[in-house]
Amino acid sequence: MNDLQTVSVVIVPGLRDETPAHWQALLGKELPDVRSTPALGRTNLDLQARIEAIEAAVLAAAQPVVLVAH
């Protein structure tokens, strides 16, 4: 069994919105347990909001969790 089949993956996007052909969307279709934090964009950068979104996604995921970020 592939090790990625036994973990939850939390995707933390960069500064642009996700599109159907973006790597995040493509990866999300390939793995069984994937969630993504919301993209914050370039105009509403907020470190505390980013941390809270990551923490919430990790706590809601089955353990163990792998973070994938760009």
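Two strands pair if DSSP finds at least two bridges between them, and the strands and helices themselves are DSSP runs, numbered from the N terminus (strands are E, at least two residues; helices are H or I, at least four). With those terms in place, I turn to the model above.

This is a predicted model, in which local features need pLDDT of at least 70 and side-chain atom pairs count only at pLDDT 80 or more, while totals for chains, interfaces and linings use all residues. Residues are numbered from 1 along each chain as its sequence is written, and side-chain values use heavy atoms, with hydrogens and water left out.

Three strands form an open sheet in the order 2-1-3, with parallel pairing. Strand 2 (34–36) and strand 3 are the edge strands, each pairing on one side only. From one strand to the next, the twist averages 25°; axes here are lines fitted to C-alpha atoms, for helices over the stretch in contact, and angles run from 0 to 180 degrees between N-to-C directions.

Next, strand 1, residues 8–12. Three bridges join strand 1 to strand 2, and five bridges join strand 1 to strand 3, again in the parallel sense. Isoleucine 11 has serine 36 as its bridge partner in strand 2.

Is strand 1 covered or open? Five of its five residues are buried, that is, under 20% relative accessible area with a 1.4 Å probe and protein chains only (exposed is over 50%, partly exposed in between). Ser8, Val10 and Val12 lie on one side, and Val9 and Ile11 on the other.

The helices come next. Helix 1 (residues 23–30) lies across strands 1, 2 and 3 and runs at about 170° to strand 1. Helix 2 also touches strand 1, strand 2 and strand 3, its direction making about 165° with that of strand 1; contact means heavy atoms within 4.5 Å.

Helix 2 spans residues 47–60, 14 residues in total, and reaches 20 Å from its first C-alpha to its last, close to the 20 Å expected at 1.5 Å a residue. That expected span is 1.5 Å times one less than the number of residues. At the helix start, a side-chain oxygen of aspartate 46 reaches to within 3.1 Å of the backbone nitrogen of glutamine 48.

Finally, the loop between helix 2 and strand 3 (65–69) contains proline 64. The peptide bond from glutamine 63 to proline 64 is cis, with omega near 0°. Most peptide bonds, by contrast, are trans.

Definitions and conventions:
A polar contact is a pair of N or O atoms within 3.5 Å; within protein, one must be able to donate a hydrogen and the other to accept it, and residues adjacent in sequence count only if both atoms are side-chain atoms.
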